[in-house]
Amino acid sequence: MKKDLFPKKQTPGKKIPVKKPGVTVNAKGVPRTTNKANRYFILTFFIFAFLLYGNTIFNKYAVDDNLVTNNELVQKGIKAIPDIFSSRYISQQGNVGSTVSDYRPVVKATFAVEYQLWGNKPGRSHAINILIYWALASLLFFILKRLFVHYNILFPFLITMLFMAHPVHTEVVASLKNRDELLAFLCGLGSLWFMLEYARTSRFYYVLLAVPVFFIGYLSKSSILPFLFLIPLVLYFFTTLPVRKIVPVFLVIVIVVFIAQVGPRLFLPPLERINSMIENPLYLEKSVWLRLGTGFVSLLFYLRILIYPYPLLYYYGFDMIPVTNLGNVWAIISILVYGFLFFYAMMKFREKHVLSFAILWFLVAIGMYSNIVFPVVGIVGERFVFNASLGFCIALVYFIFKIFRTDPKSLTIEVDTRIKIFAVILLLLIPYSVLSVSRNRDWRNLFDLYRADIKSLHNSSKANIDYAGFLMGTVYQD
């Protein structure tokens, strides 16, 4: 084989991009992965999703799964779908009154289809939850790849892997009832994808595609609402779309939310719900100072379970998070921590720094669950941090790169540095994964969940009442 006797010289001041396997470079020098590489990424997420949650396939039903599985409408199968879309999510008669609340027809419709196909088979329903989680993770990766297009491909990949493995997500994936969270977040990402296409092409057609996706997400659960602000946030940070074009996008989403919120009221029965003190004492408290104090303590709890996700519990409520004012030491610490985060995000806002984006994503996503705007059922919950955990994972991976003085935008990373980054990531992924797989076993059935969690729920009135009622019911049945 002849050697090239006249190799091409590099033009002074112009770098020739180094090609990596599975990566090509466009005319502007921006890296892009090939279709083959993308398939490998998708396969990796598929395998990882089943490694993390495959053992849930052997689980039965747990807390509140009866709302969407052992349900009169759902067990009529596909023919009940019109009735599902014309009725409330919860319609129950209790000893102290009735509960008619919420509207989440999409998630109930999915279980109706499943019942039509194979009846009550909880293992298959758990498998579908895993598939949704895999689809969500794959879409998240491709969105991150678009946002961080000038970054090394490891950056969005490692963010996605940490997001998938974080144990705080076990409640969402292992609980069939929480499929509504999965669908809402998936649709939020789907609508974001179409908005990014709109920013790329300036074709309003993509906004019209984002609308029904967002609408479906809202009919899965209102936890998609943070995307009302997250989508404009992404468009500002990662596109060249002028603000005058971002505002109409925001207004379109507002209109969609308004229609989704008000429209069903025209044909649904009125809401009936008894707000119990054991669920959240703030339902009965009028003091703004108590609302703020308890809210900041709640916000500190969310940071704690992201940094140290143990123990994980199926329910909190009164008196796991005490009602307190702003003089509480934990409330003061929370104010200082969140004040610093907000100040830093604003300081870096105009330069569109990645940490500013990560912090603001977290703050926007967790804001509606802080108890400051309005009281939240259970005061706090692991499922409430599902969306917000993405901001945490982005910041965490960014810091890991910076620890080794590596710019995430570097197209080439030295082998020894790459090994160090992977070593740190593995030090997180392995315990995260072990804890997730272990936690899935607690969700095997209602009794196992109660028995596993009750030792850490001494202060939770509702959890103890639930467990006592379950044990009494078991005794009477025997």
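Buried means under 20% relative accessible area, exposed means over 50%, and partly exposed is in between (1.4 Å probe, protein chains only). This is a predicted model, where local features need pLDDT of at least 70, side-chain atom pairs count only at pLDDT 80 or more, and totals for chains, interfaces and linings use all residues. Residues are numbered from 1 along each chain as its sequence is written, and side-chain values use heavy atoms, with hydrogens and water left out.

View 1. Searching the whole structure turns up 40 aromatic pairs (rings of Phe, Tyr and Trp, using its six-membered ring, with centres within 6.5 Å; planes under 30 degrees apart are stacked, over 60 edge-to-face, the rest tilted). Phe163 belongs to helix α5 (residues 154-165) and Phe386 to the loop between α13 (354-367) and α14 (389-403), so the pair ties together parts 223 residues apart in sequence. Helices (H or I, at least four residues) are DSSP runs, numbered from the N terminus. Phe163 is buried at 0% relative accessible area, and Phe386 is buried too, at 2%.

**View 2. Phe185 and Phe227 make another tilted pair.** Look for 5.8 Å centre to centre and 45° between the planes. Phe185 sits in helix α7 (residues 179-201) and Phe227 in helix α9 (residues 227-238), 42 residues apart. Phe185 is buried, at 4%, and so is Phe227, at 1%.

**View 3. Arg146 lies over the face of Trp193.** The distance to the ring centre is 4.5 Å. A charge sits over a ring if NZ of Lys or CZ of Arg is within 6 Å of the ring centre and within 35 degrees of the ring normal.

Key. Helices (H or I, at least four residues) and strands (E, at least two) are DSSP runs, numbered from the N terminus.
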